[in-house]
Amino acid sequence: MEVRQLKFFLAVVDHGGFSKAAEQLMVAQPSLSQAIAGFERELGMPLFHRVGRGVVLSGAGKTLVGLARVVLRDVDEAAAAMRELKGLRGGRVDVITMPSPGMEPLTTILAAFARQHPDVIVNAEAGFTPQEVLDSVRSGACEIGVLGSAEATRAPDLDVVELESQALVLISGPDDECREEPTVRREDLSGCRLIVSQRGSLMRALVDDVLAHGIHITIVAEVAHRTSILPMVLKGLGRAVMPSSWTQTARQAGATVQRIVPESYLHVAAVSRRNHLTVPAKALMAEARRYCTHLDG
């Protein structure tokens, strides 16, 4: 007994005869008739009674109908499972990320994802505002977005995974004279030359708040692409207020990193559409959830 024979059998049942079944299956009617006759010979009993130009199920045929549907449903489920498995042996997932969350936690999440699914290509595009990331995911341009904002992300139409909250830090170059303390107060920024993000970011909001309180700060550069800020700090152009995701990279490069108190936090989240995700995208969102579980543990 073969799956093909069961499909042919059910097609005759569902379409009420050989002619319409042959049209649906896109096979010649004589070929279908021969296939069913061969199936009946193999079983040793008729499945249909031929009545004029039509057919009626025999007792054996009636018994086989339900069993055949169960078998074909199981085959379809197995095929779907194999397609999903194949999808994770290849394929691609499109991600849009803001620069700081793209340093961490996205790097850690992608590293874990790659260990499980080494053949999936991750295409990461840059977004520079939370709204840009949300719009890209909503439009379908990217399947997953990673963003950071001053408040927790609220997007009822999307699947939102809150990843972590990153405190803002002050990054100083190797040649800057700074105290060997883990924290720095906002008032201690007086006299600093700062490289800042453009208006609208949490980092720039902190600097503007310090200025509004009468603390003297010199802004030496406004930089849209935040990935350019750390090299400028290392060259001595000025210091920078950045999320703590930059801490490890900055220290490895020889910079000093101090947490700014009182603290402000960048709230980082991963977002995706709720439906119609590819298999790789579903797996990447699952990895994001595991990252949260690891932190909570």
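Guide: Helices here are DSSP runs of H or I with at least four residues, strands are runs of E with at least two, and both are numbered from the N terminus. The model is predicted, with local features needing pLDDT of at least 70 and side-chain atom pairs counting only at pLDDT 80 or more, while totals for chains, interfaces and linings use all residues. Residues are numbered from 1 along each chain as its sequence is written, and side-chain values use heavy atoms, leaving out hydrogens and water.

The helix to look at is α8 (202-212). Its buried residues (buried means under 20% relative accessible area, exposed over 50%, partly exposed in between, with a 1.4 Å probe and protein chains only) are Leu202, Met203, Arg204, Leu206, Val207 and Val210. The cover over these buried residues of α8 includes the strands β6 (158-172), β8 (193-197), β9 (218-223), β10 (239-243), β11 and β12. Just after α8, Gly214 has a positive phi of about 80 degrees.

Charged side chains come next. Side chains of opposite charge can pair when their charged atoms come close. A salt bridge is counted when a side-chain nitrogen of Lys or Arg is within 4 Å of a carboxyl oxygen of Asp or Glu, and the count by this rule is 15. Arg186 is in the loop between β7 (183-185) and β8 while Asp209 is in α8, so the pair ties together parts 23 residues apart in sequence. Arg186 counts as buried at 14% relative accessibility, and Asp209 is partly exposed at 31%. Arg204, one of the buried residues of α8, also belongs to a network of salt bridges that links it with Arg199, Asp208 and Glu222.

In one, Glu143 pairs with Arg273, the closest N and O atoms being 3.9 Å apart. Glu143 is buried, with 8% relative accessible area, whereas Arg273 is partly exposed at 24%. In the other, Glu40 pairs with Arg50, with closest N and O atoms 3.2 Å apart. This pair links helix α3, which holds Glu40, to strand β1 (residues 48-51), which holds Arg50, across 10 residues. Glu40 is buried at 11% and Arg50 is partly exposed at 44%.

On a 1 Å grid over the protein atoms alone, a pocket is an open set of points with protein on both sides within 12 Å along at least five of seven lines, a cavity is a set where a 1.4 Å probe fits but cannot get out, and lining residues have an atom within 4 Å of a point. Grid points are joined across faces, edges and corners, and a volume is the space filled by probe spheres set on the points. The largest pocket has a volume of about 280 Å³. Its lining has 19 residues, with Phe128, Thr129, Gly200, Ser201 and Arg226 nearest the centre. The elements giving two or more residues to this lining are β5 (144-149) and α8. By class (nonpolar: Ala, Val, Leu, Ile, Met, Phe, Trp, Tyr, Cys and Pro; charged: Asp, Glu, Lys and Arg; polar: the others, Gly among them), the lining has 9 nonpolar, 8 polar and 2 charged residues. The second largest pocket holds about 170 Å³. Among its 13 lining residues, Cys178, Arg179, Val184, Asp188 and Arg239 lie nearest the centre, and the lining divides into 4 nonpolar, 4 polar and 5 charged residues.

The loops hold some backbone details. Met26, in the loop between α2 (18-25) and α3 (29-43), has a positive phi of about 60 degrees although it is not a glycine, and Met26 is exposed at 74%. His276, in the loop between β12 and α11 (279-296), likewise has a positive phi of about 60 degrees without being a glycine. The Glu104 to Pro105 peptide bond is cis, with omega near 15 degrees, and Pro105 is in the loop between α5 (99-103) and α6 (106-116). The bond from Val261 to Pro262 is cis too, with omega near -5 degrees, and Pro262 is in the loop between β11 (256-261) and β12 (265-273).

Methods. Contact means heavy atoms within 4.5 Å.
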